[in-house]
Amino acid sequence: LYASDVLGFEPTRIAAIIGVIPLVAFLRFFILDWVRKFGRGRLLAATAIARLIVLVVMVVLPIEWMSFGVLLTLLLIFTVAQQFGTGTVWGSLMRDITTDRDRGQFFARMRFSFTAVNAVTLFIFSLVITSEMTPGTYKALLLLAIVGQINTLIWASKIPDKSDTGTSSGRSSLGGYKRFIITLRTSPLLRLPLVISILIQFSLMPLMAVYLRTMLDVPAQLVSFYLLSSTLGAAIGFLIWGRIADTLGFRPMLSGLLVMSVAIAPVYLLLSPFDPGQPFSFTDIDLTQAVTAIALHTIGFIIGGLTSGTAIATTTIEQHHVRRRDALESLNIYGVVIGLAASGITLFSGFYLEAFALPRGVTEFGNSIFYFDWVKAWLVIVVPIFQLLILALVH
């Protein structure tokens with residue numbers, strides 16, 4: 001919203017920012033041996049300080065200085081710190097402190113906690129924002145993020161960090177390159193589980209907020225309430241899916257989630273365009289806008305709940321197929337490949353939205369009940385095909 005409303009960036013530029021950033025995940029591979037010596041907990045704290053510095057710079061930097069290059073550079077620095085810290089060591093740390101018996105519920109409780117905090121943040125944000133994002137609102141969000149980074153810094157030092165030395169199979173004596181190659185050849189995580197996770201990335205629409213703002217002219221406040229609905233759905237979902245994952249297993253759970261995702265897809269056709277530039281108010285809304293608002297919040301809540309279930313299921317799959325002796329390497333290879341898939345689909349989404357969908361506009365049909373555009377074609381037709389393919393692979 002900031003890049004679209006305040007800086008006026010086109011969808012392809014926004015997609016470039018979101019899509020290029022995950023590519024820095026490759027840098028993780030060069031520090032894995034060093035991480036073992038430095039300590040995973042210490043690395044979390046150090047990278048939290050680096051992210052804190054970037055946020056402070058973004059707060060004090062004048063808005064007229066925030067060009068595409070400056071914003072991209074700051075976000076790249078922030079993401080390098082994130083990839084070196086959380087991205088590199090979080091998965092192996094969680095592998096150390098959980099078991100197969102309680103892993104689903106553990107991740108559900110953990111993710112519910114930060115999703116609930118996110119929901120509260122989005123609710124406050126939704127009350128503050130009006131028709132569009134403003135520089136002042138964005139600065140306030142950055143200040144809130146600074147508080148979050150300070151909180152991260154305090155707690156990162158308290159996570160137990162078991163030593164990786166002395167692991168089985170004599171791998172502790174191997175060099176980084178040999179360890180990496182052996183993991184690449186032998187890790188069960190880097191087989192079918194990786195393929196399933198890549199296809200899940202391909203079944204997402206990462207620029208949904210940009211699509212709503214640029215193609216359907218949905219007011220920023222309504223977009224923020226959509227994000228809030230999605231977050232609330234995810235938070236409530238985390239309370240349910242962890243226990244189900246531990247009880248039923250990931251295969252039946254993920255199968256059910258995929259079937260429900262395919263069933264909900266046609267609701268996207270109810271989303272109609274708003275009049276651009278017209279002030280929005282919940283007290284002065286016509287029937288078509290009301291249908292869109294209800295459909296948008298319904299989609300957000302249900303998809304948020306299904307996405308949280310998918311996250312728990314894929315995390316269970318991921319952790320089940322990781323061996324402790326190569327967890328650092330296999331989880332980082334897995335994360336980088338998933339990041340590349342996410343980057344690719346994000347860049348494609350920006351190109352698809354700006355070059356293909358926007359020029360063709362929105363077409364109404366069915367007595368103005370349904371509205372078609374080429375993003376909806378992706379969401380209603382192409383995404384379910386990916387989801388059915390994932391369903392086949394899961395079995």
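Helices here are DSSP runs of type H or I, at least four residues long, numbered from the N terminus. Their axes are lines fitted to C-alpha atoms over the stretch in contact, and angles run from 0 to 180 degrees between N-to-C directions.

The model is predicted: local features need pLDDT of at least 70, side-chain atom pairs count only at pLDDT 80 or more, and totals for chains, interfaces and linings use all residues. Residues are numbered from 1 along each chain as its sequence is written, and side-chain values use heavy atoms, with hydrogens and water left out.

**Helix pairs**

| Pair | Angle | Axis separation |
|---|---|---|
| α11 (220-248) and α13 (287-320) | about 35° | 6 Å |
| α12 (250-264) and α15 (374-394) | about 165° | 9 Å |
| α9 (192-202) and α14 (327-360) | about 25° | 9 Å |

Take α12 and α15 at their angle of about 165°. That makes α12 roughly antiparallel to α15 (over 145 degrees; under 35 counts as roughly parallel). Their crossing is left-handed, meaning the near helix is turned anticlockwise from the far one by less than a right angle; clockwise is right-handed. Contact (heavy atoms within 4.5 Å) involves residues including Arg-251, Leu-254 and Leu-258 of α12 and Pro-384, Leu-388 and Leu-391 of α15. By class, this contact has nine nonpolar, three polar and one charged residues. Ala, Val, Leu, Ile, Met, Phe, Trp, Tyr, Cys and Pro count as nonpolar, Asp, Glu, Lys and Arg as charged, and the others, Gly among them, as polar.

α9 and α14 are roughly parallel. Their crossing is right-handed. Among the contact residues are Leu-194, Ile-198 and Phe-202 of α9, with Val-337, Ile-338 and Ile-345 of α14. The classes are 10 nonpolar, two polar and no charged.

α11 also passes α13 in a right-handed crossing. That contact has 13 nonpolar, 12 polar and no charged residues.

How values were computed. Helix = DSSP H or I, 4+ residues; strand = E, 2+ residues; numbered from the N terminus. Parallel < 35°, antiparallel > 145°, perpendicular 65-115°, else oblique.
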